[in-house]
Amino acid sequence: MVFERIRDIIAANLSIDPNTITLKTRINEDLKADSLELFKIVNEIEDEFGIKIEYAETVETVEDAVQYVKDQTTE
Amino acid sequence: MIRAKIAGIEKALPPLVVTNDRLASIVETSDEWISSRTGIKQRHISSGQNTSDLCIETADKLIKKAGWDPLSVDLIIVGTLTPDYATPNVACMVQAALGCANAFCFDISAACSGFVYSLSAAEKFIRAGNVKRAIVLGGETLSKITDWNDRSTCVLFADGAGGVLLEASESGGIICEDLHADGSKGASLLAGYHKIDNPFFKEEEKRGKYIEMNGRDIFSFATRIVPGSIKKVLDDAGVGSDEIKYFVLHQANTRINDIIAKKLKISPEKFFSNIHSTGNTSGGSIPILLAEMDEKGLFSKGDKLILAGFGGGLTWATMLIEL
């Protein structure tokens, strides 16, 4: 559930097909997201789940983001 | 009710144009990297002109074009974070150069919101009846406080000034505003620290005079706060976004303004931009952009504009004006 919501945020921001995104996808290297796109994705994940991600730079893979959200929510 | 109406718009940019390619010869960067992340292609950098020189040039153009007698100016305000001196303030230097001997003069320090803060302050004096005519300027020489070895900031900041004449009027002018600050986030954007250094105490402090910015904090602040502030001004004024001809935002980063436009569901074409040619001139950016738009003949009497500044402090300021 968390994965799907994060996947959709990433796909919408980078204008790509959600089905191409897996847990192992590296947001920066595989999807070629630059620093500002990563900030925007992280901000939207924060807003979506009502959490605070202190260091956007530590979010490398989609799995990192999913884990970050799971650690800070009960999901 | 007395209102404050804009009676002229001008700008002054230093003649030296520094392209991204030129910067790439100073620090490790590239035109592609800078332009894709910021929208900036070139900027004007001082080759000797200080903030007062740019503000004086702007003010001189303003009163000459409007045919104002310098002695008829009651007030001069300059929004700047890079004054020539701590004292005299830049507004006093403008007064002296133009011979506006009857004006009282002060600067406002509110970084990228400085021009809108200054407009707001001037409007209050006009509304109160104390002032009939004011010169309101925003000007910077950010190159003075830029670390030219720091590729993450030196590609962003630039020099320039712009300003307006503000005059008491029965209609139009400044209609509605929303001014705020959040000092608790001040450390996200620092510049110009003055160390304690006297015979009795010497401060050991790493912070210096150069701009230090937490990019993510500022990006998040701008893209989250500004849409709400613009929406509040429109709601308070009872004006629909379709009635606004242009949204004139501080030029910090093309992508920040694109996100703000998208969040407000407003066509990006209404967000006129000149950051590609001027970079981020902090307090200068909104009046420089206004002047450029005016030169292009984009304005007509009665047009409604939204002005929105946001940046160091942190501060933000949105204003609805009618030309």
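**Exercise 1. How many residues of domain 1 of chain B are in contact with how many residues of domain 2 of chain B?**

Before starting, note that this is a predicted model, where local features need pLDDT of at least 70, side-chain atom pairs count only at pLDDT 80 or more, and totals for chains, interfaces and linings use all residues. Residues are numbered from 1 along each chain as its sequence is written, while chains are lettered from A and ligands numbered from 1 in the order in which they are written.

*Solution.*
- Step 1: find the domains. Chain B splits into domain 1 (3–170) and domain 2 (175–322), with bounds from an automatic or database domain assignment.
- Step 2: count. Contact (C-beta atoms, placed from the backbone, within 7 Å) joins 43 residues of domain 1 to 42 residues of domain 2 in chain B.
- Step 3: sort the domain 1 side. It holds 20 nonpolar, 16 polar and 7 charged residues. Here Ala, Val, Leu, Ile, Met, Phe, Trp, Tyr, Cys and Pro are nonpolar, Asp, Glu, Lys and Arg charged, and the others, Gly among them, polar.

**Exercise 2. Find how chain B meets chain A.**

*Solution.*
- Step 1: the contact takes 7 residues from chain B and 6 residues from chain A.
- Step 2: on the chain B side, α6 (215–237) and α7 (254–263) each give two or more residues. Helices are DSSP runs (H or I, at least four residues) and strands likewise (E, at least two), numbered from the N terminus.
- Step 3: α6(B) supplies the largest share, 4 residues.

Definitions and conventions:
Two residues are in contact if their C-beta atoms, placed from the backbone, lie within 7 Å.
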